[in-house]
Amino acid sequence: MKIPQDSVILLSFVNTKLRDFYESFEEMCSDMELDKGEIESKLALIGYEYKKERNQFV
């Protein structure tokens, strides 16, 4: 699956998917066949990290 390349748009995309369809980031990446590390790295560049207890990047 192709994901947004812009980090801010990626943040919105990922958090929306997590909120609406998935119970965890790991589940989303597995189901959508996404590279978890790549997403975490891109979002870390703009100061965001995944918070399991909130199931979102903050």
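A residue is called buried when its relative accessible area is under 20%, exposed when that area is over 50%, and partly exposed in between. Keep those cut-offs in hand for this tour of a predicted model.

**Stop 1: Ser7.** Select Ser7, in helix α1. Its relative accessibility is 17%, so Ser7 counts as buried. Now show what surrounds it. Beyond its neighbours within four places in sequence, Ser7 is in contact with Lys42, Leu43 and Ile46.

**Stop 2: Met1.** Go back to the start of the chain. Met1 sits in the segment before α1, which spans 7-21. Met1 is exposed, because its relative accessibility is 61%. Which residues does Met1 contact, leaving aside its neighbours within four places in sequence? They are Phe13, Met32 and Leu34. Select Glu33 as well. Met1 and Glu33 lie 32 residues apart in sequence, yet 7.0 Å apart in space, C-alpha to C-alpha.

**Stop 3: α1 against α2.** Select α1 together with helix α2, residues 25-32. Their axes come within 10 Å and cross at roughly 100°. The two helices are therefore roughly perpendicular to each other. Show side chains here. From α1, the contact uses Phe13, Val14, Lys17 and Leu18. From α2, it uses Phe25, Met28 and Met32.

**Stop 4: salt bridges.** How many salt bridges does the structure hold? There are five. Begin with Arg19 and Asp20, whose side chains meet at 2.8 Å, N to O. Arg19 is exposed at 61% relative accessibility, while Asp20 is partly exposed at 42%.

Move to helix α3 and pick Glu38 and Lys42. Their side chains form a salt bridge at 3.8 Å, N to O. The two are four residues apart in α3, so about one helical turn separates them. Is Lys42 buried or exposed? Lys42 is buried, with a relative accessible area of 16%. Glu38 is partly exposed at 36%. Lys42 is also one of the contacts of Ser7.

Stay in α3 for Glu40 and Lys36. Here the closest N and O atoms are 4.0 Å apart. This pair, too, is four residues apart, about one turn of the helix.

**Stop 5: a nonpolar patch.** Switch to a surface view. Select Val8, Leu45, Ile46 and Tyr48. They form a nonpolar patch with about 390 Å² of accessible area together. Leu45 lies in the loop between α3 (36-44) and β1 (50-51). Leu45 counts as exposed, at 73% relative accessibility.

Definitions and conventions
Residues numbered from 1 in each chain as written. Predicted model: local features only at pLDDT ≥ 70, side-chain atom pairs only at ≥ 80, totals over all residues. Heavy atoms only, no water. Buried < 20%, exposed > 50% of the residue type's maximum accessible area, 1.4 Å probe, protein only. Contact = heavy atoms within 4.5 Å. Patch = residues over 30% accessible without salt bridge, like charges linked within 9 Å, V, L, I, M, F, W, Y side chains within 5 Å. Areas by Shrake-Rupley, 256 points an atom, 1.4 Å probe, with all protein chains shown as cover. Axes fitted to C-alpha atoms, helices over the stretch in contact; angles between N-to-C directions. Parallel < 35°, antiparallel > 145°, perpendicular 65-115°, else oblique.
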